[in-house]
Amino acid sequence: MRIKSLLGWLLCAASVQAQSPGSGLLSEGNGVTLPLADAFLRVEFVTPRIARVAYSRDKAFFSHSSPVTSPKPTGTVPWTLVSESGQATLRSSSLQVRIDLKTGALSFLNSQGQLINSEVAGSRLLREISLDDGKSNNIAVQWTGHNDESLYGLGQQQGGLLDLKGHDIDLWQYNTHVVVPFLVSSRGYGILWDNLSYSRFGDLRPYTPIPAAQLLGTDGKPGGLSGSYYADGSFGKLLATRSDATINHNTRNQGPEQNKLVHPELPAGDVSARWEGELLATESGSHTFHTYSDGGVRLWVDGKLVINHWLQSWLPGEEMAKVELRAGQRHKVRLDWVKDQEATTLRLDWKTPSALKDTQLWSECGDGIDYYFVHGPELDQVVAGYRELTGRAPMMPRWTFGLWQSKQRYKTQQEVLDVAAGFRSRGIPLDTIVQDWFYWPDGAWGSQKFDAQRFPDPEGLTRTLHEKYNTRIMISVWGKYYLGLDTMKELDELGHMYRINKEVKQLDWLGFPYTVYDAFSPRARKIFWKQIDEPIFRKGLDAWWLDSSEPDTLPIPDLEQQ
């Protein structure tokens, strides 16, 4: 084994700074750099199972740092380089990367030379765009799609999907929607997309309203679906009917008359609506129906329930359903919407069949393309590769693996203790109870203080939970501040507050102007820690919930305003 390792190192070392005749291919470090017509291509091994691919007009891009990955290993990975017939192949003990020296297109193979997957030739995009403060690039790559392949990952999405293949996903952070740009394939590989801007997976076309000309009401007339509006939340009190060419309602922050924007005759409070009719398809194939709502939504196509969105009455969520339609055929459509409490948003749109058959990732801005190809072939090995790239998380304490009790929030100290007592009296194991938001005084979000009326003795609370109920407690803390608080001023005076929210006096869902602090600043992080350590952590708390790390800079996330 030692002789083989030494031989591999010598072969690698011999290739350093070597140049392939006639190709311009330069071998250096753990990989190679290839000049192409419009940019430079860099391929290098990070480990024997992981290859990094970077593509930029500026070679300095290849050494840029990124918060997506941990610092890269500095050691040598044993590898060899073989050039022949217009191709160059980099080989480690587990992975081969083949480069077309003319086009720069890449293929990834296992150690036996069997194809794992490849870039689609000519799909690599590096298109310059102008920004308000300079220039950047739209970037994209496509990899060959396979009929027998399933794709997983990309973070905590809310579209109800497990297998992502054939679907389209917007990748941007907001409340409940967490992006982890790692795609895992059932074919035994993963792709870590290293880009921090707004990105998309799949077909780049946006969802659009279903053309009114293709919609027919229950009376058979074209131009829209037949809408029925009810003055209750259970389709019991029919109030009005009309034909609707589109379904796109957003009545957030409109007060008690918000329902008027859905229909002028609707009363305040709980209401429901139903749209029925037919859809005349103009092309055959898989159409993607898409709803976006914080109310209850159910969609039927040809009598089959294809979307069933829970009535959450909070942040709008999206649902997607692929439905096969046939050109020239009428398909029955029914959409039910139920609004109660604060639900205000509903949109129905779609995408017609896509010509994209391959796997695509796109980002709005980037100095270059940067991604990592992780070979398994076992999926555990693929996930281990992600861990290798992003950092090895420590094992959590033993008590964190038990039962946690949490709800929207506990309003008082006594309520927390009563819940813990209830678990123990019933003989139910309880390891942790969670104190979520609004334990601070009314109107003082960001004060980092307990409300003395509702939580008169935080130290006594934690001591009782520990000693009497053998239970831990976790508390949520937020990088969010109401304007004018002393804690907010301390950060703001040093320029560590998000400026736009302050200027427009953006209101949160409780009606208070607020902003968030700059967590990217080391100095600001130290101040934030001091603010939460002294009045909160030293009361005996066991764990932090760092909430709103997206962060929420708007009550309802909107990509155009973020």
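Mentor: Two strands pair if DSSP finds at least two bridges between them. Helices (H or I, at least four residues) and strands (E, at least two) are DSSP runs, numbered from the N terminus. Residue numbers start from 1 along each chain as its sequence is written. The model is predicted, so local features need pLDDT of at least 70, side-chain atom pairs count only at pLDDT 80 or more, totals for chains, interfaces and linings use all residues, and side-chain values use heavy atoms, with hydrogens and water left out.

First, the setting. The protein chain holds seven helices and 36 strands. Its C-alpha atoms fill a box of roughly 80 × 70 × 50 Å, taken along the principal axes. The chain has 562 residues, and 49% of them count as buried (under 20% relative accessible area; exposed is over 50%, partly exposed in between; 1.4 Å probe, protein chains only). Residues 24 or more positions apart account for 66% of them.

Now the part to study: an open sheet of five strands. Its order is β6-β7-β8-β9-β10, and the pairing is antiparallel. The edges belong to β6 (80-84) and β10 (115-118). Each has a single partner strand, so one side of each is left without a neighbour in the sheet. From one strand to the next, the twist averages 20° (axes are lines fitted to C-alpha atoms, and angles run from 0 to 180 degrees between N-to-C directions).

β6 meets β7, residues 87-91, through five bridges, and the two run antiparallel.

Next comes β8, residues 95-100. β7 pairs with β8 in the antiparallel sense, again over five bridges. Look for R91, which stands opposite Q96 in β8. These two strands form a hairpin, with three residues between them.

Step on to β9, residues 106-110. Five bridges join β8 to β9, and the two run antiparallel. L95 stands opposite N110 in β9. β8 and β9 form a hairpin too, with five residues between them. In that turn, G104 has a positive phi of about 80°.

Four strands form an open sheet in the order β21-β28-β23-β26, with antiparallel pairing. Its edges are β21 (248-250) and β26 (317-325). Each of these has a single partner strand, so one side of each lacks a neighbour in the sheet. Neighbouring strands here are turned by 25° against each other on average, direction ignored.

β23 covers residues 285-293 and β28 covers residues 345-351. They pair in the antiparallel sense over six bridges. S293 stands opposite L346 in β28.

Last, leave the sheets for a loop. F401 lies in the loop between α2 (379-390) and β31 (404-405). Is F401 buried or exposed? F401 counts as exposed, because its relative accessibility is 58%.

Trace β6-β7-β8-β9-β10 in order, then find the hairpin of β7 and β8 and the hairpin of β8 and β9.

Definitions and conventions: Contact means heavy atoms within 4.5 Å.
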